[in-house]
Amino acid sequence: MTISPAQQNFPSLRHLARVALSSLRVLAGLAAYRLSGRTPAFAYQALVRLFTLTRGRSNDLLAALIGRLRRPYYLEQPEGILNFRNDAERHAAADALRTRGYFLFPEQLPAELCDKLLQFALTHPCTARATDSGDAARAQPGVYPRGEPQAIIYEFHPGDLINQPDVQRLMGDGSLLALAQDYLGAQPVLDTVNLWWSTAHSQQPDRNAAQLYHFDMDHVRWLKFFIYLTDMTPARGPHCFVAGSHRSGGIPDSFLAQGYARLTDAEVAACYPAEDLIEFTGRRGTIIAEDTRGLHKGKPVLQGDRLMFEFEFSNSLFGAALPGKGTITQFHNSSFRRFVAAHRRVFSRWMDPATPR
Ligand SMILES: O=C(O)CCC(=O)C(=O)O
Ligand SMILES: [Fe+2]
C-alpha cells in the first residue's frame, strides 16, 4: 500500500520540491505583475497549484504580504446599506466571516433599490451564458425573455452595469468597502460586478452555471457580496455554502487533488456535517458576504427564476485574467465621483487608463 504525504502528515521530498517550484513561479509572476500589471499564465497556474499543495496556506501568506504593501484606507464613519453602528460591530462581522466563511446580514437592500435593479434587468439587453447543454448558442441576445427562457443563465455586461446609476450607488457604498477591507486586511480592488438571471430552462445542475460545488480561485484573497433581487425559496435556486470550508485545511485533500473540479452533492455531504451545509433562502434584498474560497454553488432553479447581483473585492488583481471589462464613462452623482477619486485602487479595473494597482 502506498501512503500519501497527507496520510503521513508530514510532507515528502517530492511534495516539498513541488511547493518550492510553484513558489518560485508565483514569485517570478509577482515581479512581472508589478512591472506590467499582467499576471503571466504560468504564475496564475502556480498560484492555484500552490493553493492545493499547501491546503490554502500559500494564499494566507501572500495575503499577509499584500496587506503590508497595501495598507487599508482610513475610512471615516463609512456609511451605506450595512447598518454597522460602529467599527466594533463591523469587526465582529469580519471575525464571523473568518470563522464561518459567510455572513448573512440582518438588513436588506431597500425595496426601492431592488425595484430599480429589477426594472433594469427586465428592460436591458443581456447575453445567454454558454452552459453544459449548449442551448445558449440558440438564444438571441436581447432583453431577457422572461417566461420562455432559452438558456440557464442570462448575464448583463459589466460595462453597462458600472455606468448604471443604481449600481453606482452600490459601488459607492462605504459600508461594503469597509467590511471588504476589514476582511481582506488590505486596500480592496473591486474586480467583479455581475448581475444575472438564472432560469428553470434546465433542472440538471450545470457546471458553467456554477450549480455544482466548487471553490473559486481567481486571486489571492477576496470577498464576494451576493444580493438576491427576487425572493428566494428552495425551488428558486438558492445559493449554498459549506461553512468553514474557506479556511486553510478546510477542503479535504481528496477534493484538492482534483484541482479546479466540480464536486457532487453526495461527495460534499460525505465530508461535512449536515449543519455546515448552508442554503440561503430569504426575501429579495437579502445580502450575503462570503469567502468563496470555501465550497459553494447555486442550486438549479426548479420554478420561476432568480435575479442575483454580485460584487467581488480582492486584495490584488494578481491572478486570473477576468472576463468582462468596462470603463466608467458617466458619474451619476458628485458623491460617487468623489468616492472614486478618494479610492482609486478600488476602481482601478474600471478606470481609463487603468493604471493604479
Ligand atoms: O449562482 C450561485 O449561487 C453561485 C455563483 C458562484 O459560484 C460565484 O459567483 O462564484
Ligand atoms: Fe463560484
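Student: Where is Ala210 found?

Tutor: Ala210 is found in the loop between E5 and E6. The strands are DSSP runs of at least two residues (E), helices being runs of at least four (H or I), and both are numbered from the N terminus. This is a predicted model, in which local features need pLDDT of at least 70 and side-chain atom pairs count only at pLDDT 80 or more, while totals for chains, interfaces and linings use all residues. Residues are numbered from 1 along each chain as its sequence is written, chains are lettered from A and ligands numbered from 1 in the order in which they are written, and side-chain values use heavy atoms, with hydrogens and water left out.

Student: Why does Ala210 count as partly exposed?

Tutor: Buried means under 20% relative accessible area, exposed means over 50%, and partly exposed lies in between (1.4 Å probe, protein chains only). Ala210 has 23% relative accessibility, so Ala210 counts as partly exposed.

Student: What is noted about the phi of Ala210?

Tutor: Phi of Ala210 is near 60 degrees, a positive value in a residue other than glycine. Most residues other than glycine have a negative phi. Gln77 also has a positive phi, near 40 degrees. Gln77 sits in the loop between H4 and helix H5 (87-100), and with a relative accessible area of 67% Gln77 is exposed.

Student: Which residues are the protein donors of the iron ion (ligand 2)?

Tutor: They are His214 (NE2), Asp216 (OD) and His296 (NE2), at 2.1 to 2.3 Å from the ion. Donors are N, O and S atoms within 2.8 Å of the metal (3.2 Å for Na, K and Ca), and sites may look incomplete because water is not among the atoms. The spacing of the donor residues in sequence is H-x1-D-x79-H.

Student: What makes Asp216 and His296 a pair that ties together parts apart in sequence?

Tutor: Asp216 lies in the loop between strand E5 (189-199) and strand E6 (222-228), and His296 lies in strand E10 (residues 296-298), so the pair ties together parts 80 residues apart in sequence. Asp216 has a relative accessible area of 11% and is therefore buried; His296, at 4%, is buried too.

Student: Why is H3 called oblique to H4?

Tutor: Helix H3 (residues 41-53) and helix H4 (residues 57-69) pack at about 120 degrees, with their axes 6 Å apart. That angle makes H3 oblique to H4. Angles under 35 degrees count as roughly parallel, over 145 as roughly antiparallel, 65 to 115 as roughly perpendicular and the rest as oblique. The axes are lines fitted to C-alpha atoms, for helices over the stretch in contact, and angles run from 0 to 180 degrees between N-to-C directions.

Student: Which residues of H3 meet which residues of H4?

Tutor: Leu47, Leu50 and Phe51 in H3 meet Ser58, Asn59 and Leu62 in H4, where contact means heavy atoms within 4.5 Å.

Student: How do you know that Cys126 is too far from Cys114 for a bond?

Tutor: A disulfide is a pair of cysteine sulfur atoms within 2.5 Å. The sulfur of Cys126 is 19 Å from the closest cysteine sulfur, in Cys114, and is therefore too far for a bond. A search of the whole structure finds 0 disulfides. Cys114 is buried at 0% relative accessible area, and Cys126 is buried at 3%.
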